[in-house]
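These are my notebook entries on a few places I looked up in the structure.

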Amino acid sequence: MTNTPSANLFKPLGEGDPAVVGGYRLAAVLGTGGMGKVYLSYTPGGRPIALKVIRPEFSEDPEFRRRFKQEVHSAQRVQGLYTAPVIDSDTDGAQPWLATAYVPGPSLSHAVAQHGGLPLRSVLLLTVGVAEALHVIHGAGIVHRDLKPANVLLASDGPRVIDFGIARAADTTALTGTGVSVGTPTFMAPEQAAAGTVSPATDIFALGQIAAFAAIGAPAYGEGSSHAVLYRIVHEDPDLSRVPPELLPLVTRCLTRDPEQRPSLTEIIELCHELSPDALRQGEDWLPQAVAGSITERLRLPEPAKTPPPQPAVTPTPTQFSPHNPAPGQPPAPGTVNPYAPTGFATPAAPAQGGPGVPGPPPQLPGHQSYPTQGYQTPPPGYPTRPMQGHHTPAPGYHTPPPVIHAPYVPPAQPKPKRTGLIVAGAIVGTLVILGVIGSLVPDGDKDNKSGSQGSQGGSGSGDGGTSGGEKRADPKPVSYKGIDMTSRYEIMLADSPPRPVEGDDVAYGDADLYYVNYESLGESSIGTANGKLVLLNNSQKGSLETCRTETRYTEKIGLDQVSNGSQMCLLSDAGHVAVVTYRGKSGADDASTYITIDLTIWRNAEEPKDG
């Protein structure tokens, strides 16, 4: 057994680390992953949290931001005994972040690397706990899609699943194909590795891999390069020769290549109870003593940063402060209050700057005490950002300065207006008149040439793919997808590759790029968008990027009674993607479900995304 010192678990903040994120004072670095960096912080009440700050490369991708916001909101609905709940987030800031409850325990990957495989009872309790976590996650309409040992934490009372659903946001960004790695492919399912298809059964496959990993201390499909591992997952059987015989039936069923043949979460839990020689009950003794010792180390948290009380923003008014305001950069006159300092707090001394003519720090008022304020621009979460009405209570340990009697308000004398503005205005008018006379003498051809020349230096336009500095932005290459079946109340996002219909709660009021609804009771059947515009093309028009850019007959919904087999529609999403949707028909009366079939040709990021 090797005990890792707490100092190695909680690394100090470096030069590139912020001191405050979203009002939370950062205390230490917990780790770094493909999508961002995780810090230790505390709530105002002193509860530890893990705060993940997303990497700038992802933050600059508008499609990632949109999907990240959607996934965080979905994750906030997950409240289970075996998950680390999302308690706070900011998906719209300069650098998005989210905060979850801090789990004082090692990840499964770290525990196995340090101590080897776990005993059978621990593996079964681990599997039951993760299965219960997935049951809650799937119930919220989320597929984890990145379930791996690094995302399973071992707490004293059972496992905790983290980062559920967040990896979906990274799937849509071009960064994942240009050297930015979000995760390891070692625990992917065959359908996910081969075609990018994910479903709840994808997480079942990963759960089987986690059980095998925890038992044997190594991945079931081996290690090596990403391409080699992915090939084995898609085309070969796993190596289960070292899996304990008692665990083999469970792992074998979960790692079935056909998603439909994998067991349900309920079946997995029942099977774990059948395979266990003793009754499975989560408790403090569910982990080996060597692993449990590392939990104790993670309970020795570094001290939270000392945070002074926030300074309320007070707008100076004539009745609050003396009218004798000092000139900018000058100290207040003796016996007056600096109008730019909040009531009850003294202005911190400015650093001394040498040299003639440079004012030194302003003198402190009698009875005032200087309080440190550097680095606290954002009040900590949970503290008011507006002052209490009618009174102000200083924090313990702080001394209220003596009251200051303010002189009655006397309006300052208005300076005598100068005539400089009239002189400048007259000069400008004269110049414009001269230029107008000269312009009338220039031949029309020259004026057209100059106008066209100036226009080519302007901003981007949707008709030419956008320009920057006079250079035309190259149009993206189209990608086509044939024979997509869309069931009623399902939606498609153009950024997904491939675009797969997924079930939506209320697609018409969500953020779907394309949806299909069939309300038989209302006699309505239509194709629509909740995140852009649709244009039904005429039979004489051919669907293309140029056609979709020039058409302006926008709508958000097109009835199926308006289209026939082969009809084409332009779809322009607010995220900047453009697509031609070709209608190929609908399900017959004998079909068990109601669906339509479409073809898609997509130009991703063809336009600038729309704000909001």
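I began with Pro498, which sits in the loop between strand E12 (490-492) and E13; I use helix and strand for DSSP runs (H or I, at least four residues, for helices; E, at least two, for strands), numbered from the N terminus. The model is predicted, so I note that local features need pLDDT of at least 70 and side-chain atom pairs count only at pLDDT 80 or more, while totals for chains, interfaces and linings use all residues. Residues are numbered from 1 along each chain as its sequence is written, and side-chain values use heavy atoms, with hydrogens and water left out.

My cut-offs are under 20% for buried and over 50% for exposed, with partly exposed in between (1.4 Å probe, protein chains only). Leaving aside neighbours within four places in sequence, I found Pro498 in contact with Ala195 and Tyr481, where contact means heavy atoms within 4.5 Å. Pro498 and Tyr481 are 17 residues apart along the chain, and their C-alpha atoms are separated by 7.7 Å.

Next I followed the sheet to which E12 and E13 belong. I read five strands in an open sheet, ordered E13-E12-E14-E15-E17, with antiparallel pairing. Strand E13 (502-503) and strand E17 (557-559) are at the edges with a single partner strand each, so one side of each has no neighbour in the sheet. Two strands count as paired if DSSP finds at least two bridges between them. E17 is joined to strand E15 (residues 524-528) by three bridges in the antiparallel sense. I noted Lys557 in E17 as the bridge partner of Gly528.

I then turned to strand E19 (residues 578-586). Seven of its nine residues are buried, so I wrote it down as mostly covered. Strand E18 (residues 568-573) pairs with E19 in the antiparallel sense over five bridges, and Cys570 has Val580 in E19 as its bridge partner. E18 and E19 make a hairpin with four residues between them, and Gly576 in the turn has a positive phi of about 105°. E19 also runs antiparallel to strand E20 (residues 595-603), with seven bridges joining them. There I found Val581 opposite Leu600 in E20.

How do helix H4 and helix H8 pack? Helix H4 (residues 108-115) and helix H8 (residues 200-216) have their axes 9 Å apart and at an angle of about 25°. The axes are lines fitted to C-alpha atoms over the stretch in contact, and angles run from 0 to 180 degrees between N-to-C directions. H4 and H8 are therefore roughly parallel to each other, a term for angles under 35 degrees. From H4, Leu108, Ser109 and Val112 make the contact, and from H8, Ile210, Phe213 and Ala214. I counted these contact residues as five nonpolar, one polar and no charged. Nonpolar covers Ala, Val, Leu, Ile, Met, Phe, Trp, Tyr, Cys and Pro; charged covers Asp, Glu, Lys and Arg; the others, Gly among them, are polar.

Ala113 also lies in helix H4. Ala113 is exposed, with a relative accessible area of 62%. Its C-alpha atom is separated by 7.5 Å from that of Gly217, 104 residues apart along the chain.

My last entry is Ile142, in the loop between helix H5 (120-139) and strand E7 (152-155). Ile142 is buried, at a relative accessible area of 4%. Ile142 and Pro200 are 8.2 Å apart in space, C-alpha to C-alpha, and 58 residues apart in sequence.

Definitions and conventions. Angles under 35 degrees count as roughly parallel, over 145 as roughly antiparallel, 65 to 115 as roughly perpendicular and the rest as oblique.
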